[in-house]
Every structure is written in structure tokens, then in C-alpha cells.
Amino acid sequence: MYPKESLDIISKMMNDTRRNVMLDSRMPLLVWGWLSFAVSVLVYAGLRLTADFRWNFAWFLILLVGIPLVKILKPSVRPVTTAISRSLVVIWKMLAVLITVFSTLSFFINFKILAVVLIILAIGSFTTGELIRYPFLKYSSIPGFVVSALLWWVTGLNQILIFAIMMLIMMVLPAYKMKHDLSKETDERS
């Protein structure tokens with residue numbers, strides 16, 4: 001085997017690994033992004049129409065619906081687990097625990113929970129984009145950092161709408177772009 005052939009094989013393996021991790025990352029971004037958006041709109045509408053604080057319990061629908069949905073939509077054929085994919089799973093599990101703890105705590109202590117959740121999700125999106133070397137995901141999380149800081153000064157129900165929009169920008173949009181880019185790569189390989 002010639003050195004160029006070895007480099008080509010190594011390059012192909014690296015690209016395949018990156019592609020598999022991107023495929024693995026895309027669906028959770030869509031599920032959690034759309035679900036967070038939908039629940040945000042539901043909570044906003046419920047609070048706006050009834051002024052009943054119990055609508056805030058609907059936030060837990062994100063976990064109750066999201067966990068089974070991600071499991072159902074998980075591809076039946078799993079790509080090979082890599083150090084990157086394993087790291088991403090661990091990172092997102094840790095961030096999910098933080099979000100759950102802070103969200104539960106917000107029922108007992110009054111603080112800007114949406115700002116906290118948004119910064120945690122921005123960290124997760126940025127880290128994922130960096131690890132899978134997908135700049136669009138990484139840079140689409142930057143508005144999340146900025147807006148999470150601004151949410152400390154936003155009052156009332158408007159913060160829920162801002163949070164909902166950020167879910168589209170940070171998670172849903174990059175997932176659709178990822179799908180487009182993966183399809184384009186597949187077409188180019190053919």
C-alpha cells in the first residue's frame with residue numbers, strides 16, 4: 001500500500017466518523033428544539049389566556065414527551081460508537097440533569113430560569129458544534145449566550161417567546177441545515 005492510499009483511507013474513516021456523529025446529533029436537536037418551542041408557546045398561551053401559574057408545570061412535558069420520543073426516533077442501526085459520540089452523550093446527560101435541577105428549583109426559588117436554561121443549552125450546542133466540527137451549529141449557539149444574558153432584564157411573558165425563538169435558532173435551524181448538508185454530501189459521493 002502506498003502512503004497516499006493510507007492517507008486516503010484514514011481521511012475517509014475520519015469523514016465517515018464525523019458523518020455518523022452528525023447523523024446521531026441531528027434528530028435529538030430536532031426533537032428537543034421543536035418540543036421546547038411547542039411547550040414554550042403552550043405555556044405562553046396558557047399563561048396569557050388564564051393567568052394561572054399552574055401552566056408552568058407544562059414545562060415538564062419537554063422531558064415527559066422528549067425522552068420517549070428520542071428513543072422511538074433513534075435509528076435502528078446504530079453507527080459505531082466513538083469517543084466523540086460517547087462524550088456528547090455524557091455532556092448532554094449532564095446538561096439535562098442541570099436543566100432539570102434548576103427547573104425544579106425555580107418552583108421554590110424565584111429566579112430567571114429561562115435565562116439559565118438558555119445558557120446551558122447554548123453551551124451544549126456550542127460544544128456539540130465544536131466536537132463534530134460543524135460551524136453552523138457552533139455559531140448558531142452564540143445568540144443563545146447573548147440572549148440568555150439579556151433575559152435577566154426582560155420581564156413578563158415576553159421572555160417565554162424569546163426563549164421559544166432561540167430554540168428555533170439554536171437547535172431546529174442547525175438540525176435542518178445539517179440534514180441538508182448531509183444529503184448534499186451523500187449526493188456528491190454518488
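**Helices H3 and H4 in a predicted model**

Student: At what angle do the axes of helix H3 (residues 83-105) and helix H4 (residues 113-131) cross?

Tutor: Happy to look at this predicted model with you, where local features need pLDDT of at least 70, side-chain atom pairs count only at pLDDT 80 or more, and totals for chains, interfaces and linings use all residues. Residues are numbered from 1 along each chain as its sequence is written, and side-chain values use heavy atoms, leaving out hydrogens and water. Helices here are DSSP runs (H or I, at least four residues), numbered from the N terminus, and axes are lines fitted to C-alpha atoms over the stretch in contact, with angles from 0 to 180 degrees between N-to-C directions. The axes of H3 and H4 come within 10 Å, and they cross at roughly 180°.

Student: How is H3 oriented relative to H4?

Tutor: Angles over 145 degrees count as roughly antiparallel. With a crossing of roughly 180°, H3 is therefore, relative to H4, roughly antiparallel.

Student: How many residues of the contact of H3 with H4 are charged?

Tutor: Contact means heavy atoms within 4.5 Å, and the residues making it include Trp92 of H3 and Thr128 of H4. Asp, Glu, Lys and Arg count as charged. The residues divide into 14 nonpolar, 5 polar and, for charged, none.

Student: Is Thr128 buried or exposed?

Tutor: Thr128 lies in helix H4 and touches Ser25, Leu88, Trp92 and Leu137, not counting residues up to four places away in sequence. Buried means under 20% relative accessible area, with a 1.4 Å probe and protein chains only. Thr128 has a relative accessible area of 3%, so this residue is buried.

Definitions and conventions:
Helix = DSSP H or I, 4+ residues; strand = E, 2+ residues; numbered from the N terminus. Parallel < 35°, antiparallel > 145°, perpendicular 65-115°, else oblique. Buried < 20%, exposed > 50% of the residue type's maximum accessible area, 1.4 Å probe, protein only.
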